[in-house]
Amino acid sequence: MATKEFSREEVAKHNSEGDLWIIVDSKVYDLSRFQNLHPGGFSVLADPEVAGKDATEAFFSLHRYEVLERPQYKRLQIGVIQGEKSVLHGRVLGEISKVPYAEPTWLTPGYHSPYYTENHRKFQKAIRDFFETYVWPDAQAREADGKRPSQDVIDKMAQLNINAMRLGPGKHLKGRTLINGLVKPEEFDYFHELIITQELSRSALRGYADGLLGGKVIGLPPVLNFGSEQLKAKVVPEVLDGKKFICLAISEAHAGSDVMGLQTTANKTEDGKHWIINGTKKWITNGTFADYFTVGCKTEDGFTVILVERGPGVETRQIKTSYSTTAGTAYITFDNVKVPVGNTLGEDGGGIFVILSNFNHERWVMCCAAARSQRAIVEECLKWVNQRKVFGKPLHSQAVIRSKLAGMIARAESVQTWLENITYQMCNMGYKQQANKLAGQIAFLKSYATACGQDTARDAVQVFGGRGITQTGMGWVIEHYHRTIPFDSLLGGAEDVLADLGVRQALRLMPKDTRL
């Protein structure tokens with residue numbers, strides 16, 4: 001059906017109650033029946049600068065583009081302005097944003113990088129298309145109802161082996177077809193994994209991102225690296241295929257960053273064939289829907305990590321936090337839980353090595369997400385200051401606003417650059433080298449990245465004003481980020497603890513013969 005065309009003069013005639021048209025981006029909308037349903041009231045639409053006029057500027061000072069895409073508002077469009085074309089758009093699936101600093105430099109046309117190959121670029125496009133198509137809408141829905149990510153999304157990720165790739169390079173990828181053969185298992189590197197994590201961070205809300213098997217990313221590696229062949233053969237395939245879920249259960253009410261201070265106990269039965277586990281765990285991501293728990297326990301030999309399967313004596317309860325319950329954050333009780341000794345990960349008393357081997361990768365993943373999520377805030381703020389008018393001028397005419405933007409951009413760029421340098425080192429170091437040389441750097445970066453995020457969140461709220469603390473409307477992205485960024489500052493180790501770890505590692509490496 002041909003789209004009806006109107007002149008601006010004709011639209012201007014419809015400017016009264018019961019006969020009210022407006023123009024937004026060269027599209028004509030008949031609001032006559034909608035006028036009394038408008039959330040802001042009829043008076044907003046009756047404004048002489050709105051009724052019968054081009055209300056594009058007024059509209060985008062109050063609404064996001066996505067409002068125009070909602071079915072109930074699309075139906076209000078009756079035509080277009082003769083000889084004119086719409087020039088504005090909102091989020092376009094798969095598109096590389098043209099907003100300055102909204103994308104990392106390597107994705108920005110005209111810039112170069114020594115780290116990324118053509119394969120990385122093709123991989124990024126495929127991953128963004130997937131996450132934009134399947135993860136983004138599911139994240140919106142699950143944020144609203146608080147349920148865990150849809151199994152359909154998890155199954156689609158499993159089909160492309162995204163679940164497996166989120167654990168990084170390794171033997172677990174052998175024999176798997178990655179993204180329909182786009183990258184060979186032996187060629188998959190940490191930059192491919194960085195891309196996955198950053199695209200997920202871009203396309204998901206914070207609680208949903210953790211709910212989308214964040215527990216697997218930190219809970220399965222100890223099984224992969226320290227479990228028996230029999231245990232791995234049973235657990236790994238069903239977790240990577242999205243049939244079962246796993247989480248890392250270390251933190252307790254009495255032992256957060258103090259891993260060695262935990263109080264959950266595991267004692268062997270008289271025949272030595274089973275562990276009996278008693279205790280509690282707190283703030284466990286994915287715990288409410290996990291089938292397996294990678295549990296840190298106090299044993300006769302010290303600290304031991306044991307894989308526990310959900311069953312008698314295992315109880316999980318939802319913990320309400322300031323982000324969505326879709327993350328499945330849990331309080332877990334183990335009451336005389338009987339577990340085969342064969343489920344021990346590593347040596348009896350060797351749990352600290354199991355957990356320390358996990359920390360570098362866990363914190364690096366968090367750095368990837370923290371770096372990318374800040375760019376979403378930079379993009380939101382740049383768009384907002386460009387369309388928001390104050391005192392008759394764009395918001396960016398205020399020097400204090402430009403100063404805040406400068407800080408946001410500098411933080412985002414510095415975090416990404418440091419991250420890419422560390423990632424390059426990871427690609428060229430073995431595990432022992434990484435543990436020796438990168439534990440401190442990764443700890444520093446994680447502390448720095450999340451501190452930057454909190455500064456950016458605070459500045460963004462000031463830029464958006466009241467909209468920045470409102471869960472709907474223009475500033476909902478800012479509100480969500482400001483509310484959930486504290487999670488990043490705590491998960492994987494509190495900022496101060498990690499900064500101190502970085503300094504302590506540096507001091508251990510100080511040459512003995514140096515003096516001022």
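The largest nonpolar core in this predicted model has 75 residues. Inside that core, the residues with the most contacts are F123, F131, V135, I162, M165, L220 and W364. Helix α13 gives the most to this core, with 9 residues. Apart from it lies another core of 24 residues, and C381, V463, W476 and I485 are among them. In soluble globular proteins, nonpolar side chains tend to be buried together.

- Pick F131 and set aside neighbours within four places in sequence: what is F131 in contact with? The list runs W136, M157, I162, I196, E199, L200 and S203.

**Helix α13 against helix α16**

- Helix α13 covers residues 351–387 and helix α16 covers residues 439–464; the two pack at an angle of about 20 degrees, with their axes 9 Å apart.
- Angles under 35 degrees count as roughly parallel, so α13 and α16 are roughly parallel to each other.
- Their crossing is left-handed.

**Helix α16 against helix α17**

- Helix α17 spans residues 476–490, and its axis comes within 9 Å of the α16 axis, crossing at roughly 160 degrees.
- That makes α16 roughly antiparallel to α17, because angles over 145 degrees count that way.
- This crossing is left-handed.
- From α16, the contact draws on K446, T450, G453, Q454, A457, R458, A460, V461 and F464.
- From α17, the contact uses I478, Y481, H482, I485, P486, D488, S489 and L490.
- The class tally for α16 with α17 is 9 nonpolar, 5 polar and 3 charged residues.

**Buried residues in loops**

- T285 sits in the loop between β8 (274–284) and β9 (292–299). Is T285 buried or exposed? Its relative accessible area is 13%, and buried means under 20%, so T285 is buried.
- Leaving out neighbours within four places in sequence, T285 is in contact with D210, G215, C247, A327, G328 and T329.
- G227 lies in the loop between α11 (221–226) and α12 (229–240), and G227 is buried too, at 12% relative accessible area.
- Not counting residues up to four places away in sequence, G227 touches P222, K232 and L345.
- G227 and N343 are 116 residues apart in sequence, yet 7.1 Å apart in space, C-alpha to C-alpha.

**Positive phi without glycine**

- N161 has a positive phi of about 65 degrees although it is not a glycine.
- You'll find N161 in the loop between α6 (151–159) and α7 (162–165), where N161 is buried with a relative accessible area of 7%.
- W283 isn't a glycine either, and has a positive phi of about 65 degrees.
- W283 lies in strand β8 and is partly exposed, with a relative accessible area of 42%.

Conventions. Residues numbered from 1 in each chain as written. Predicted model: local features only at pLDDT ≥ 70, side-chain atom pairs only at ≥ 80, totals over all residues. Heavy atoms only, no water. Axes fitted to C-alpha atoms, helices over the stretch in contact; angles between N-to-C directions. Helix = DSSP H or I, 4+ residues; strand = E, 2+ residues; numbered from the N terminus. Parallel < 35°, antiparallel > 145°, perpendicular 65-115°, else oblique. Left-handed = near helix turned anticlockwise from the far one by under 90°. Core = buried A, V, L, I, M, F, W, Y, C linked by side-chain atoms within 4.5 Å. Buried < 20%, exposed > 50% of the residue type's maximum accessible area, 1.4 Å probe, protein only. Contact = heavy atoms within 4.5 Å. Nonpolar A, V, L, I, M, F, W, Y, C, P; charged D, E, K, R; others polar.
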